[in-house]
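Hello,

Here is the structure I promised to pass on. Please open it alongside this message; my notes follow below.

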2 protein chains.
Amino acid sequence: MSQTIISVDLGGTRVRAARFDRRLNLLERVETLTLAKEGLEPTLGRIMAQIEAIWPANGSEVVGIGVSAPGPVNPMTGVILSPPNLPGWHNVPLSRLITERFDRPVFLGNDANCAVLAEARRGAAQGYSHVIYITVSTGIGGGIISHGQLILGKQGLGSEVGHLIFSPESGLGGSVEKMGAGPAIAREAVLRIQAGAKSIIRDRVGGDLSKITAKVVGEAAAEGDELGIELIARTGRLVGVLIADLMHLFNPEIVVVGGGVTNAGDLLFTPMIQAVRAYTIDDDYWRDVPIVPAALRDDGGLIGAAALVQTVD
Amino acid sequence: MSQTIISVDLGGTRVRAARFDRRLNLLERVETLTLAKEGLEPTLGRIMAQIEAIWPANGSEVVGIGVSAPGPVNPMTGVILSPPNLPGWHNVPLSRLITERFDRPVFLGNDANCAVLAEARRGAAQGYSHVIYITVSTGIGGGIISHGQLILGKQGLGSEVGHLIFSPESGLGGSVEKMGAGPAIAREAVLRIQAGAKSIIRDRVGGDLSKITAKVVGEAAAEGDELGIELIARTGRLVGVLIADLMHLFNPEIVVVGGGVTNAGDLLFTPMIQAVRAYTIDDDYWRDVPIVPAALRDDGGLIGAAALVQTVD
């Protein structure tokens with residue numbers, strides 16, 4: 001009898017589910033809206049319905065169910081703690097609820113940890129056993145594989161790369177996430193335009209500076225707008241320092257950078273790589289270490305969640 | 001036939017060697033000066049002579065030889081790269097040289113990595129599998145055990161905690177080591193006294209500010225000197241931010257802090273622990289996580305080097 005893995009990718013806007021074979025080949029997938037605003041029960045119902053929908057009709061055995069969810073989650077207990085973008089979800093024992101319904105082992109991981117597993121198995125980091133994955137979007141998150149193993153720590157709270165402090169005098173506001181992620185890009189744009197900087201960004205939002213987002217800044221940068229280019233470069237430099245920090249700690253073989261802000265391409269990557277070189281104490285840390293964009297987009301969460309099941313073989 | 005492990009602790013001022021049983025009980029030790037100033041050959045000679053001196057006379061089998069050396073070292077190739085406090089040592093294939101002489105497998109580790117192994121096996125972190133070790137002296141170094149495994153990375157260059165950047169605008173000078181280790185404590189004392197701060201430190205060095213060291217500052221602090229207390233607290237806060245960073249990445253069970261600056265005791269640890277609490281995003285990171293002084297002193301390097309042999313069982 002053939003064996004399959006089911007995985008679920010629970011996001012703030014969508015729930016996806018898929019069935020894979022043991023080699024992580026995608027067999028079938030379904031997708032729907034999360035209904036996050038309606039709270040816990042409707043979304044839980046959608047998750048169960050999707051697993052039902054994707055269940056193999058041919059009688060093949062489901063060896064386990066993997067779930068990718070927004071952090072913080074506790075992968076050891078299978079509990080979703082209180083993700084900012086899933087209102088009403090507090091200490092939800094998702095693994096237990098799914099196990100009770102489907103009688104299969106369930107493995108829960110946060111989205112960034114699933115993303116690094118996916119990149120290592122099927123994406124940009126295939127074949128590597130020391131991998132840093134960083135996502136730069138509304139937050140800065142990450143997943144780290146060191147010596148072939150996901151770095152989780154005692155309660156699964158590890159690999160939170162976005163909270164490294166770059167400006168101790170600013171308290172937690174001095175973290176790389178607060179200083180460099182999407183909202184910081186937008187905030188800096190507002191401040192600089194208010195201070196008199198010339199930019200097409202102001203026109204893009206019809207003069208309403210509250211409408212400025214990192215996406216708008218990135219699009220302006222792509223068209224050659226000087227302020228836009230500088231702000232994307234600023235985040236590139238900050239993420240580059242973060243990568244240098246992580247290189248000193250993990251001495252990785254490859255660094256993968258994903259998330260919406262990477263749509264800026266070289267405008268982000270060039271200053272980022274320059275900072276990596278400037279902030280490492282020895283060239284050995286970055287020489288022969290590719291720093292590349294993530295290869296997987298929408299299916300990354302599903303593949304990573306399926307890999308959670310596979311890793312426990 | 002009983003089995004033994006031989007270990008060597010190569011430091012800037014001393015070479016120690018010891019013989020252990022398989023359970024890391026110390027059987028015998030010898031110690032001599034390093035003769036670092038005379039360069040490579042005399043010190044190499046001392047290492048070989050010490051291994052010879054400690055070799056079991058009763059015919060028991062030596063299963064391996066572990067060596068702790070100042071970083072940077074490459075534990076995979078057994079090469080000592082170019083430690084600042086071992087002049088004349090550049091790319092020395094120490095493991096191979098010892099193997100050629102004694103016909104036993106040799107395992108090389110940097111001193112901070114050996115220290116964390118020693119604390120985990122025989123010191124303050126016994127029984128834990130997620131351990132952060134930080135040493136604060138003339139530099140800031142570290143060793144990290146995550147999921148029971150030493151974090152080395154692809155070339156063994158990982159766990160370099162002292163190079164995390166706290167002040168990106170200062171380049172590599174903005175690392176926690178440059179900002180907070182012993183030389184920074186002394187430098188800050190000089191600057192503040194030159195700026196008019198009152199302190200018994202000036203008298204302690206007979207008015208010659210170039211003689212100020214972190215040790216002098218620590219001794220003044222112990223006697224209630226306000227400037228001394230503030231400068232030790234400043235380093236405590238910086239190390240506390242470093243610990244918070246490492247907690248977000250590794251979610252450890254215990255943090256062990258060693259090195260000369262920890263002689264300041266609570267004057268260092270109290271502000272350090274306050275900073276840990278202030279800079280972590282969730283109490284779960286530090287609640288129930290002891291932050292304790294290192295338990296091992298002079299024999300830590302020997303025990304850790306012996307543990308290098310033991311880990312490969």
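In chain A, E2(A) pairs with strand E3 (residues 26-33) in the antiparallel sense, over seven bridges. Please keep in mind that this is a predicted model. Within that pairing, A:Ala18 stands opposite A:Arg29 in E3(A). E2(A) and E3(A) make a hairpin, with four residues between them. One turn residue, A:Leu24, has a positive phi of about 65°.

E2(A) also pairs with strand E1 (residues 3-10) of chain A. That pairing is antiparallel too, and it has seven bridges. Here A:Ile6 stands opposite A:Arg19 in E2(A). E1(A) and E2(A) form a hairpin as well, with three residues between them.

How enclosed is strand E2 (residues 14-21) of chain A by the rest of the structure? Six of its eight residues are buried, so the strand is largely enclosed. The cut-off for buried is 20 or more other C-beta atoms within 10 Å of the residue's own.

Now the domains of chain A. Domain 1 covers 3-119 + 298-311, and domain 2 covers 126-293. Their C-alpha centres lie 27 Å apart. Domain 1 of chain A gives 10 residues to the contact, and domain 2 of chain A gives 16 residues. Which element supplies the largest share of the domain 1 side? It is helix H3 (residues 111-122) of chain A, with six residues. By class, the side of domain 1 that touches domain 2 in chain A has seven nonpolar, two polar and one charged residues.

Next, chain B. Five strands form an open sheet there, in the order E3-E2-E1-E4-E7, with mixed pairing. The edge strands are E3 (26-33) and E7 (106-110) of chain B; each pairs on one side only. Neighbouring strands of this sheet are turned by 15° against each other on average, direction ignored.

Strand E1 (residues 3-10) of chain B runs parallel to strand E4 (residues 61-69) of chain B, and seven bridges join them. One pair to look at: B:Thr4 has B:Val62 in E4(B) as its bridge partner.

Two helices go with this sheet. Helix H2 (residues 94-102) of chain B packs on the sheet and touches E4 and E7 of chain B. The direction of helix H2 of chain B makes about 150° with that of E7(B). Helix H3 (residues 111-122) of chain B lies across E4 and E7 of chain B, and runs at about 100° to E7(B).

Best wishes

How values were computed. Residues numbered from 1 in each chain as written. Chains lettered and ligands numbered in written order. Predicted model: local features only at pLDDT ≥ 70, side-chain atom pairs only at ≥ 80, totals over all residues. Pairing = 2+ DSSP bridges. Axes fitted to C-alpha atoms, helices over the stretch in contact; angles between N-to-C directions. Contact = placed C-beta atoms within 7 Å. Domains from an automatic or database assignment. Nonpolar A, V, L, I, M, F, W, Y, C, P; charged D, E, K, R; others polar. Buried ≥ 20, exposed ≤ 12 C-beta atoms within 10 Å, placed from the backbone.
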